[in-house]
Amino acid sequence: MPAVSKGDGMRGLAVFISDIRNCKSKEAEIKRINKELANIRSKFKGDKALDGYSKKKYVCKLLFIFLLGHDIDFGHMEAVNLLSSNKYTEKQIGYLFISVLVNSNSELIRLINNAIKNDLASRNPTFMCLALHCIANVGSREMGEAFAADIPRILVAGDSMDSVKQSAALCLLRLYKASPDLVPMGEWTARVVHLLNDQHMGVVTAAVSLITCLCKKNPDDFKTCISLAVSRLSRIVSSASTDLQDYTYYFVPAPWLSVKLLRLLQCYPPPEDAAVKGRLVECLETVLNKAQEPPKSKKVQHSNAKNAILFETISLIIHYDSEPNLLVRACNQLGQFLQHRETNLRYLALESMCTLASSEFSHEAVKTHIDTVINALKTERDVSVRQRAADLLYAMCDRSNAKQIVSEMLRYLETADYAIREEIVLKVAILAEKYAVDYSWYVDTILNLIRIAGDYVSEEVWYRVLQIVTNRDDVQGYAAKTVFEALQAPACHENMVKVGGYILGEFGNLIAGDPRSSPPVQFSLLHSKFHLCSVATRALLLSTYIKFINLFPETKATIQGVLRAGSQLRNADVELQQRAVEYLTLSSVASTDVLATVLEEMPPFPERESSILAKLKRKKGPGAGSALDDGRRDPSSNDINGGVEPTPSTVSTPSPSADLLGLRAAPPPVAPPAAAGAGNLLVDVFSDGPAAQPSLGPTPEEAFLSELEPPAPESPMALLADPAPAADPGAEDISPPIPEADELLNKFVCKNNGVLFENQLLQIGVKSEFRQNLGRMYLFYGNKTSVQFQNFSPTVIHPGELQTQLAVQTKRVAAQVDGGAQVQQVLNIECLRDFLTPPLLSVRFRYGGTPQALTLKLPVTVNKFFQPTEMTAQDFFQRWKQLSLPQQEAQKIFKANHPMDAEVTKAKLLGFGSALLDNVDPNPENFVGAGIIQTKALQVGCLLRLEPNAQAQMYRLTLRTSKETVSRHLCELLAQQF
């Protein structure tokens, strides 16, 4: 930039500014400004031969007056005239005035555009930069239309100066952000990428900013930038502070450029080229290593620049989510910041760890910092940091630490800032529901939540607890007892009264046998809160009273007296008056049967997304969905715990198909009555034909091929019965599996229903369903003889390490099985880790005094926990290349054992659990699939390719997963099916 000569000092401007500063009052300032405006106006009008210096001086004065907050309505034309000057200072003031004062809709824009066009064509780098700066500052659509095609040419021209390229890149970025449709994509896009190799660091910095913005809309046009960005980043990261002296900031080489390059790489998936990826991983490791080195300066600028690069590096590692080592190292580095004295660093560390918690590779590493995060929640002075700590606790929560985290959040809630209380309440409610294994704990947690922060418990929270209690037969009695005790507190929040009114109205009969909670006591307790409540709560309590009349006829007279009171029948509120009149009439006129029909127990609620989760998403804003649910969905959580409400069923107990919530608390099955004809054979419940002996049990369509319905319990107390432990017998008691156990197991690899075993005495049928890492299996034991089985005892055995890989919870079955009868056993299964061997099923009983024993392999293989995954061809092959290590692939070429039918093959692959991807393989005869093995500990992605050769009657099966043992095992399982 040319130096300003001594004669360009504009003494008159300096004097005017001095006069303004010396004014003693606002009136004096306005008077001086008006005097100067009149002088400038007269000069512009009177002296037609005003020289450039004078124009510049007066235009500067107008600009200063405008910056003081006064309107300027003249002088624009004189500023435009300055653009045609050949003196830098005059042209600079003209562009400055236009950039600040000229409206984008001004009539002078055309004249300004002509002057800009002349300067761009002048090839004078100083004038070109002034023109580009003006275009960027004004940024109007008209300017964009005029110069959008010229600026890219200037940017990639070989003879453009570095300063011009830098200005052109930033100017084009400004126009693109204002009007993306005006910037044409052409051959210049490929050339602009090569600016990343430019020797001038300023050009590279400006080019990276431009490419980062452009590639978000047109990623394929700029894909070649990945290797160049990695190369440039590698050179910066590996350089010493003395190598880039002009761009070193407090001993940190080019920090701004490094951050921009890291952000550019986050616009793309990990590099496909192994060499580029390896070089990038080295860069990231170098940054993490440098973070451990002692600082080269104690100044805050040094640590800020160093940490800016570190946090952007961690963001890139999280974005790729494919390098377990880097993810764990990033987590450990962030863990060090959690106790840093700088508040901003603690905030950023908590925020980044929230994202890390969603990765399967780093989730466990994040959990190791739980004590530090809890301490931050308790002791941090800054409310924003405490809020991030609460977010991180929510993100790192899983089944193993749910109770601890919920307990700490409840404890914090008592002293939490009012601004974040409602959000904490929603998170506690979601976690308690999502990870509830024992639903008595869930009820306790929600009632405690209402007690601590009743004013912040939204309707969605207490609606949800009512829905779950209504749908869960096994928790209704406990909920009624607990809420009854909670209502006895002298100061009881109105939300607690609402919950208590509903639950006691529906399930108060389950605790009515205790004299301390007899019907009159329940009614008196609720009615003592009536006069303190709002109209909506009073209306709910009136509905509870009429339900009491149906449940407890002995309270009818007392309740009718309350309804008949003048305060109710003549209530000023129409809703309360109408309810009182109608309920009183209903209780007086209707018969007992009619009352029982009208006031019967509420049916289960339909399946839908948790309203609490939906509310938290709305509170967090539109971009929070991934962070809340699908950033990391805990694989160990069951369906309703993940936010889906149960579906209604035709009986009081929800059906398993709608209720994987019930995987841990299904009611014990009850044996059906024995058949009339003891000598009849057991019905083949899985046959496609009609049942031969309907008297022996339900038909296949009614009992097994319809929605699964476990039998109703014998009594309400049976709902609270503890399930039988899934304990394995001693090693000496285990008999080896029968010889055909493997063959029977292979029949179930690609199907869930069928007859597992059958001989002349016993038939064992299986019906199962699996969702994510959870499963429920129904085993049907049929006595095919006319003699009763004694001491009937089926037991699940975990051979070897399977106890740590698979959790199986069994339900008790009847010890006697009558001749021709059938009993049902429910198995709740949770996949903790990937496993290779299935559990064993040992069945023992006495038949005619003779002990009988057999051991089978339970049809639970790792592919049962497949979650089908849809993806495009591009995504498939990209992921396929990522799983390119030799140990990640298993391949088998084998002879077809069955006729090669495409439809049968397709059905088997779907039954195996993977999604079939169409139009992915170039050969339409091949089959391509994808899925994820869901376990509690981790998720294992799986890609498969099956290539049939009809002429040779052979198959080639290739599987790639992120775990070697899973690849080999799945390949062996699937190959045996063809």
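What is the handedness of the crossing where α13 passes α15?

A: It's a left-handed crossing, meaning that the near helix is turned anticlockwise from the far one by less than a right angle (clockwise would be right-handed). A bit of housekeeping before the details. This is a predicted model, where local features need pLDDT of at least 70 and side-chain atom pairs count only at pLDDT 80 or more, while totals for chains, interfaces and linings use all residues. Residues are numbered from 1 along each chain as its sequence is written, and side-chain values use heavy atoms, with hydrogens and water left out.

Now the pair itself. Helix α13 covers residues 225–238, and it packs on α15 at an angle of about 35 degrees with the axes 9 Å apart. Helices here are DSSP runs of H or I with at least four residues, strands are E runs of at least two, and both are numbered from the N terminus. The axes are lines fitted to C-alpha atoms, for helices over the stretch in contact, and angles between N-to-C directions run from 0 to 180 degrees. On the α13 side, the residues involved are Ser-227, Val-230, Ser-231, Leu-233, Ser-234 and Val-237, and they meet Val-276, Arg-279, Leu-280, Cys-283, Thr-286, Val-287 and Lys-290 of α15. Contact means heavy atoms within 4.5 Å. Sorted by class, that gives seven nonpolar, four polar and two charged residues. The nonpolar class is Ala, Val, Leu, Ile, Met, Phe, Trp, Tyr, Cys and Pro, the charged class is Asp, Glu, Lys and Arg, and the others, Gly among them, are polar.

Helix α15 (residues 274–292) also packs against α16 (residues 300–320), at about 135 degrees and with the axes 10 Å apart. That angle makes α15 oblique to α16; under 35 degrees is roughly parallel, over 145 roughly antiparallel, 65 to 115 roughly perpendicular, and the rest oblique. This crossing is left-handed too. From α15 come Leu-280, Leu-284, Val-287, Leu-288, Lys-290 and Ala-291, and from α16 come Lys-306, Ile-309, Leu-310, Thr-313, Leu-316, Ile-317 and Tyr-320. By class, the α15 and α16 contact has 10 nonpolar, one polar and two charged residues. Leu-280, Val-287 and Lys-290 turn up in both of the contacts that α15 makes here.

Let's zoom in on Ala-291, which sits in helix α15. Ala-291 is partly exposed, with a relative accessible area of 21%; buried is under 20%, exposed is over 50% and partly exposed is in between, with a 1.4 Å probe and protein chains only. Setting aside residues within four places in sequence, Ala-291 is in contact with Lys-306, Leu-310 and Gln-333. Ser-303 is 12 residues from Ala-291 along the chain, and their C-alpha atoms are separated by 9.7 Å.

Helix α16 has another partner in α14 (residues 255–265), with the axes coming within 9 Å and crossing at roughly 10 degrees. So α14 and α16 are roughly parallel to each other. Here Pro-255, Ser-258, Val-259, Leu-262, Arg-263 and Leu-265 of α14 meet Ala-305, Ala-308, Ile-309, Glu-312, Thr-313, Leu-316, His-319 and Tyr-320 of α16. Those residues divide into nine nonpolar, three polar and two charged.

Next comes Asp-321, in the loop between α16 and α17 (324–337). Its phi is near 50 degrees, a positive value in a residue other than glycine. Asp-321 is partly exposed, at 30% relative accessible area.

Stepping back, the chain has 41 helices and 16 strands. Of its 978 residues, 53% count as buried. Among contacts with a separation of 6 or more, 70% link residues 24 or more positions apart.
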